[in-house]
Amino acid sequence: MKKFLLMILVAMAATECMAQASARDLNNKVIETIMQRRSIRQYKTTPVEREKLQLVAECGINAPSAMNRQKWAVRIVDDPKYINGATEVLKKKMPEMVARDKSFRNMFRNAPAIICVGIEAKEDEYSKVDAGLMGENMMLAAQSLGLGTCCLGMAASQLNTIPELKEYYDKLNLPEGYRLIYVLAIGYPDESPAAKPRDRNKIQFVE
């Protein structure tokens, strides 16, 4: 019985410590931003101020890269003609996919702006890591500015491979030998999704 009570007291103490740690961590703006970030798939039509888009991109290029090579290219698109034009091409090319999404407005999760990230087509083992670090910087910066984001691999693949979209790919003016690795949809959120569960068992201390 005493052992059982002791176990309960230990569990209660651990829970209290975790609660205190969580409260303390949420007073840290960086941690708060990380914990509040969600992938947003519905956006308001409100345009994003270019000053904010520029700041988000600058936060991106301040990410670390292997040997500080900075082998990435960042392109911001907020022109409705580009977004709507590319979308019309996709609607004709892939009508079944568009029809499945009842809230479909554009091919970039309905965002009013996108940030495209390119890397060398013959990337080395570090290039994708560098691009990922850049993307997380931008998503967290956007979150801190009241913006939502969603990292889109399919949109990048479509721009890379669909011949009818080549006009829009070429407008990005990526360096020779580069290709899109992902596209960030960015805009003011029109939804507040709950956090998906995270498996803390993936974290282990090594003795």
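Ile 34 has a relative accessible area of 41% and is therefore partly exposed. The model is a predicted one, in which Ile 34 belongs to helix α2 (residues 29–36). Together with Val 30 and Met 35, Ile 34 forms a nonpolar patch on the surface, with about 300 Å² of accessible area in total.

- A search of the whole structure finds 1 aromatic pair.
- The ring centres of Tyr 82 and Tyr 168 are 5.3 Å apart and the ring planes stand at 90 degrees, so the pair is edge-to-face.
- Because Tyr 82 lies in helix α4 (residues 80–93) and Tyr 168 in helix α8 (residues 166–171), the pair ties together parts that are 86 residues apart in sequence.
- Tyr 82 and Tyr 168 are both buried.

**Salt bridges**
- The count of salt bridges comes to 9.
- Arg 69 forms a salt bridge with Asp 124, with the closest N and O atoms 2.5 Å apart.
- Arg 69 lies in the loop between α3 (50–61) and β1 (73–77) and Asp 124 in the loop between β2 (113–120) and α6 (127–144), so this pair ties together parts that are 55 residues apart in sequence.
- Arg 69, Asp 124 and Asp 130 are linked in a network of salt bridges.
- Glu 164 and Lys 93 meet through their side chains in a salt bridge (3.4 Å, N to O).
- Asp 170 forms a salt bridge with Lys 166, the closest N and O atoms being 2.7 Å apart, and both residues lie in helix α8, 4 residues apart, about one turn of the helix.

Technical notes. Residues numbered from 1 in each chain as written. Predicted model: local features only at pLDDT ≥ 70, side-chain atom pairs only at ≥ 80, totals over all residues. Heavy atoms only, no water. Phe/Tyr/Trp six-rings, centres within 6.5 Å; stacked < 30°, edge-to-face > 60°. Helix = DSSP H or I, 4+ residues; strand = E, 2+ residues; numbered from the N terminus. Buried < 20%, exposed > 50% of the residue type's maximum accessible area, 1.4 Å probe, protein only. Patch = residues over 30% accessible without salt bridge, like charges linked within 9 Å, V, L, I, M, F, W, Y side chains within 5 Å. Areas by Shrake-Rupley, 256 points an atom, 1.4 Å probe, with all protein chains shown as cover. Salt bridge = Lys/Arg side-chain N within 4 Å of Asp/Glu carboxyl O.
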